[in-house]
Amino acid sequence: MLQLREIDKSFADHRLFAGINWHIRPGDRIGLCGENGAGKTTLLRLLAGLVQADHGTVQVARGTTFGYLPQQGLEHRGRSLFEEVRSALDELTAMEQEMRALENCLAAGCDDERMARYAYLEEAFRQRGGYTLETEIAKILDGLGFSESDRDRPCDHFSGGWQMRIALAKLLLQRPNLLLLDEPTNHLDLPARDWLEQYLAGYPHAVVLVSHDRFFLDRVVQRIVEIWNGTLTEYPGNYSQYLEERERRVAVLREARQRQDQEIARIEAFVSRFRYQANKASLVQSRIKQLERMERIQVPPLRKRIAFQFPPPPRSGRLVLELEGVEHGYGDLQVLKKADLTVERGERIALVGANGAGKSTLMRLLAGEEMPRQGSRKAGHQVLQAYFAQDQARILDGTRTVLEQLTDAAPFDMVPRVRDILGSFLFSGDDVYKPVAVLSGGERNRLALAMLLLRPANLLLLDEPTNHLDLQSKDVLLESLRRFPGSLVFVSHDRYFVDALATRVVEVAAGKVTSTLGNYEDFLRARALAGDDSHSALRVEQVASGQLCTAPDSPTNAAGDETLSYAERKEQKRQERRRQKDLAEVEAQIEHCEEELETLEQALADGSLSQDPERLREIGVRHGELQNRVEKLYRCWEALHEQQGVSETVA
């Protein structure tokens, strides 16, 4: 559907692309990877037609439509949220308005030409989903975290992060043939990321995206394209498979480069030795030409990565921190109601919940930055805390240099180590003399994280520490926190980060806090087993997509052990009972929907209905909604039966 041929692109004296060739096929799911500044955003803009290549051609198949979501800079004003999102399909809206006008004319008297035009418009409107348009808008807005009360709010009232969600909602509604997304997860909380992941996994057209969320890439993309040194290298599979394959490829390239360097050294030694011997002149010239023809093997350099470890902290008491009966809010807004939370030594607790639920408020209460209206906060014995706020980078002084900022914050005995710490966070050479004001978002976050290393702490409170960090920096931060011997409470919207780090998940919702042992995957499973689907999509949609159809790994699944413990057999029976209950519910819903569909189809077959256009439209809308519902229910039914087959095989 789209092909790049010998594309060159430069900015000033920096060459981003050097004769690249690339083919995007219909249905592709592609993730772009590369170092910061490698050209990922430029490539997306080039595909979208917003940037022109210096040389080369971009061939686009006829009928291809594009949708591009930039990282920032979008703003919507003058309309309500629902109207703004609906405006993405102005052509359908115009078609509906013409149909309404024709209905008024037809009500006054029948006209064959107008009737034919109305029939054509009605069929086109139905095929393009016009009757289910409002349902689809509501589905997308709900998935992206907008509440029902938000739909009538003016777009002017939404902040920058929500403005990007509005833009994303419009793109998803348009369903372009080629969807280009630059960091679409930047402003999404975990439930919205889960929903977007499922939506894109079922998207019928091509998707090319850039993301620093490893879990998101693993679940959505089927191909990784790495940008390095002006070239594109394709790797089949998701991001985790790309990392493994890249390591193998780079290892092979290094070996080949080493052999090539040895061969070059041998030839150059021959030339140097016999250059001035007349009887060897032809051999020397042959070797020189051989060197000139030789294509040097390029090996990607070792990636710069944050490399650090937290200072060893003193041992705290078993009880580190406790909130009891906490009520808190701002003005008339009550955020927390009778919340209780205990942090014990060595725990790694992830706070999750929708944006605005109160995660950052709870974090500030834990840190003692705010005092609750009611209730108490108690710190344990010998607790030394370090708090990283969501806007921690904003407290940095823009007039100071990087070195001055860290030196001023360091205790006297740590001043000699300031340069080493900055080097660990990729501030080396003249970078340490940069004013803080000119640093990028990722650099500011790295500097703010570096300040955590200045004093030992046995309790870390981290609110969105992964914001603006690239994938490699997130991995190193993750490994460092895994080795941290103290206690940790953190907020992150990076699913991989939460899954790999958390030993307990605390959900903040409706003013309450609820704890679940394990990581985020365990949390979702526990919620699903309890019949609570408020944190993600509807249960039927989860089952249909396969999310709830895979039993948790057990010793039997992982190692082939034929012997199940009593607890495992009990869990297996409980899952089977739940599956049978789900199956009965789905079958009952299918039967109910099909009965209603049959009734509607009989009504549509009644010729007298053409005299009541409004009733005809209502029946058409309901018929489309029911067809979509039945399709989802049948997918759910099939998935549940497949789950039964898997369970019987394991048993």
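User: How many bridges join β5 to strand β6, and in what direction do they run?

Analyst: Four bridges join β5 to β6 (residues 178-182), and the two strands run parallel. Two strands pair if DSSP finds at least two bridges between them, so four bridges meet the rule. Strands (E, at least two residues) and helices (H or I, at least four) are DSSP runs, numbered from the N terminus. This is a predicted model: local features need pLDDT of at least 70, side-chain atom pairs count only at pLDDT 80 or more, and totals for chains, interfaces and linings use all residues. Residues are numbered from 1 along each chain as its sequence is written, and side-chain values use heavy atoms, with hydrogens and water left out.

User: What makes β5 and β9 edge strands?

Analyst: The open sheet has six strands in the order β5-β6-β7-β3-β8-β9, with mixed pairing. β5 (66-69) and β9 (231-236) each have a single partner strand, so one side of each is left without a neighbour in the sheet. From one strand to the next, the twist averages 20°.

User: Which helix lies across β5 and β6, and at what angle to β5?

Analyst: Helix α6 (residues 160-174) does, running at about 165° to β5. Axes are lines fitted to C-alpha atoms, for helices over the stretch in contact; angles run from 0 to 180 degrees between N-to-C directions. Helix α9 (residues 239-274) also packs on the sheet, touching β3 (29-33), β8 (223-228) and β9. The direction of α9 makes about 115° with that of β9.

User: Why does Lys 170 count as buried?

Analyst: Its relative accessibility is 18%. Buried means under 20% relative accessible area, exposed over 50%, partly exposed in between (1.4 Å probe, protein chains only). Therefore Lys 170 counts as buried. Lys 170 lies in α6. Beyond four places in sequence, Lys 170 touches His 76, Glu 84, Val 85, Ser 87 and Ala 88. Contact means heavy atoms within 4.5 Å.

User: What makes a set of residues a nonpolar core?

Analyst: The members are buried Ala, Val, Leu, Ile, Met, Phe, Trp, Tyr and Cys residues, joined through side-chain atoms within 4.5 Å. The largest such core here has 55 residues. Leu 172, Leu 181, Leu 200 and Leu 209 have the most contacts inside it. α6 gives the most to this core, with nine residues. Leaving aside neighbours within four places in sequence, Leu 172 is in contact with Ile 140, Leu 179, Trp 195, Leu 196, Tyr 199 and Leu 200. Another core lies apart, with 47 residues, among them Ala 350, Val 418, Leu 460 and Leu 524.

User: Why is the pair of Phe 270 and Phe 274 called tilted?

Analyst: Rings of Phe, Tyr and Trp (its six-membered ring) pair if their centres lie within 6.5 Å; planes under 30 degrees apart count as stacked, over 60 as edge-to-face and the rest as tilted. The centres of Phe 270 and Phe 274 are 4.8 Å apart and their planes are at 55°, so the pair is tilted. Both sit in α9, four residues apart, so about one helical turn separates them. Phe 274 is buried, at 13% relative accessibility. By the ring rule the count comes to nine aromatic pairs. Ring pairs also link Phe 146, Phe 158 and Trp 162 into a cluster.

User: How do you know that α14 is mostly covered?

Analyst: Of the 10 residues in α14 (residues 441-450), eight are buried. Among them are Glu 443, Asn 445 and Arg 446. The cover includes β14 (385-388), α12 (402-409), α13 (418-424) and α15 (471-483).

User: Is Leu 452 buried or exposed?

Analyst: At 10% relative accessibility, Leu 452 counts as buried. Leu 452 is in the loop between α14 and β15 (459-463). Leu 452 and Phe 388 are 64 residues apart in sequence, and 7.9 Å apart in space, C-alpha to C-alpha. Leu 452 touches Ala 386, Tyr 387, Phe 388 and Leu 462, not counting residues up to four places away.
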